[in-house]
Amino acid sequence: MITPGSRNGGVYVDKEWVKQQLSEYVEEKEEKRPVVEFLTKLFKHKGAVFGAIIIFLFVFTAVFAPWLAPYEYDKPDSSAILQPSSAEHLFGTDEFGRDIFSRIVYGSRISLKVALVAVGISLVAGTVLGALAGYYGGIVDYIISSITDIAWAFPTTLLAIAFIAALGTGIQNVIIAIALASWAGYCRVVRGQFLSLRERESIQAARILGMSDARIIFGHMLPNALAPVIVMATLELPKAIVIEASLSFLGLGAQPPTPSWGVILDSGKGLIGQAPWISFFPGLMIMLVVLGFNLFGDALRDVLDPNS
Amino acid sequence: MLKYIVKRILLMIPVLVFMTIIVFTIFFFAPGDPVSRIAGPNVTPEVYESIKRKYGLDQPYIVQYWRFMKSVIEGDLGISILQERPVIDMIKERLPVTLEIGLLGFLITFVIAIPAGVMAAVKKNTFVDYLCMSGTLVGVAIPTFWFGMLLMYFFAYKLRWFPISGYGTIKHLILPSFAIGLTNAAITARMVRSSMLEVLKQDYVRTARSKGLQEKVVIYRHALKNAMIPIITLMGLRLGWIIGGSVALEIIFSIPGIGRLMVDSILARDYPVVQGAMLVLTSSIIVANILADALYAIVDPRIRYS
């Protein structure tokens with residue numbers, strides 16, 4: 001290490017040489033796995049393929065809802081009240097003669113929007129908090145992890161209901177409530193990752209090189225901590241969909257005539273003896289979508305995060 | 001050991017205190033003026049002011065929290081705006097109903113999940129295992145409230161084995177408990193399977209087998225007993241999920257439990273009731289989690305947390 005070079009307090013240190021050695025080390029540690037290898041591994045799982053197909057169909061339905069729905073979702077038809085499944089009305093009609101299939105097709109938009117936005121917010125908030133706690137340690141870590149542990153102890157559905165009680169009903173508030181109730185998981189995962197990453201030589205080297213905290217956190221540590229976060233988010237998406245549907249079912253989320261799957265389920269609640277199809281199909285859709293995300297998420301975990 | 005358990009129970013106190021802060025704050029900032037909620041819409045400004053002073057609503061946040069905390073410790077959760085009765089009495093009526101469903105649900109969970117999980121583990125990678133595991137995959141994905149409606153349709157409307165809705169006899173509880181128990185069994189069976197597989201690899205299982213013990217005895221007497229240890233903690237964690245899931249089931253089956261009380265009160269903007277129910281539910285779930293954790297340490301002496 002000590003070679004002839006710049007004179008520094010009586011010790012010869014070749015700064016350039018040290019820098020070169022260390023930065024080689026940094027790059028070596030940051031080798032990225034090829035995308036192709038990742039996809040081959042992932043789609044070896046039959047579950048991943050099946051899950052991916054369901055997720056694709058779900059997203060496709062949400063995006064192209066106006067083209068896929070044969071009827072308008074809120075148009076009553078007095079000549080077709082409470083009809084069971086038929087060629088005209090694939091999933092039957094409700095008490096206003098509205099086409100259940102069209103309502104479900106449009107409802108997928110609400111599910112997808114709520115899931116993406118709520119999970120997106122909680123992911124960013126949880127990750128940033130977890131990164132701060134894990135990187136700085138000490139009092140910052142103590143405060144953040146105490147709050148996280150307590151938020152973690154709350155059951156998600158109940159906490160979301162409490163937030164709805166305070167915020168009021170509606171899709172927007174459902175999104176906020178789900179996000180507020182579910183960030184703690186990401187925070188715990190990222191903090192754990194950062195605590196172990198912090199001790200890695202590559203990160204120590206980056207510090208010695210005088211990189212800014214922000215660059216170390218976002219450029220070097222976060223990419224290495226992202227795998228379990230992505231897995232978690234994939235498995236949180238279906239949970240958000242179910243919570244939205246439950247809240248809307250209870251009258252605390254989307255309000256009729258919004259075609260949220262929970263609202264459709266609720267509208268069939270009183271008619272279950274006469275017209276079970278009203279509630280049957282939206283529930284079936286929720287189940288399939290949740291199954292798809294779970295299968296895909298499990299396979300993703302096997303490939304990205306084999307230690308857990 | 002004792003030190004760990006005492007420490008764990010002492011740790012509960014800050015968590016519970018923080019929980020009261022969160023619940024108080026949520027409802028402190030809830031929209032709507034609490035004074036006009038109590039006084040009604042047509043009051044003179046003088047009466048309005050006197051009510052505000054009487055209930056301490058003119059005090060700052062910290063003072064109000066302190067008063068709230070003091071009355072909670074004394075067991076006073078406030079008065080329902082709608083029913084004009086103490087909230088604690090309403091909760092005392094409703095909570096046992098929810099607990100009945102929850103306990104019956106846990107019972108059904110165990111009756112289904114343990115045999116299924118054990119069978120899947122013992123016959124690993126056979127048809128039985130695949131069948132059980134595909135069953136759990138579907139079970140995890142089924143929304144509990146939808147499953148409750150399906151059960152209601154088949155067993156109450158079609159087969160007429162059970163009453164459609166209401167509360168009073170054990171028959172009324174079967175369908176909702178089954179809905180929650182079976183969906184919970186799915187995730188539990190997966191845990192039992194992986195925990196069982198872990199245990200079956202252990203030396204003492206091999207020793208028990210080589211002693212010439214019957215396979216049944218080895219599995220149920222030796223392996224299962226140890227495989228159940230992590231399941232205890234899981235069940236503590238599942239309590240919150242069970243109560244969250246029973247909210248919708250109580251609505252579907254018209255059962256007067258605490259979940260129904262909470263939803264009705266939210267829709268009627270009866271905040272003291274929601275706040276009280278929230279406090280009771282979350283604190284019991286937190287206590288249950290920590291007790292399950294302590295129990296884990298008692299049952300398995302190898303576990304030492306630092």
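**View 1. Chain B is built from twelve helices and zero strands.** Here helices (H or I, at least four residues) and strands (E, at least two) are DSSP runs, numbered from the N terminus. Read from that end, the elements of chain B go α-α-α-α-α-α-α-α-α-α-α-α. The C-alpha atoms of chain B fill a box of roughly 85 × 55 × 30 Å along the principal axes.

Before moving on, please note that this is a predicted model, in which local features need pLDDT of at least 70 and side-chain atom pairs count only at pLDDT 80 or more, while totals for chains, interfaces and linings use all residues. Residues are numbered from 1 along each chain as its sequence is written, and chains are lettered from A and ligands numbered from 1 in the order in which they are written.

**View 2. Chain B meets chain A through 40 of its residues, which are in contact with 32 residues of chain A.** Two residues are in contact if their C-beta atoms, placed from the backbone, lie within 7 Å. Helices H1, H6, H7, H10, H11 and H12 of chain B each supply at least two residues of this side. H10(B) gives the most, with eight residues.

**View 3. Helix H13 of chain A covers residues 277-304.**

Methods. Expected span 1.5 Å × (residues − 1).
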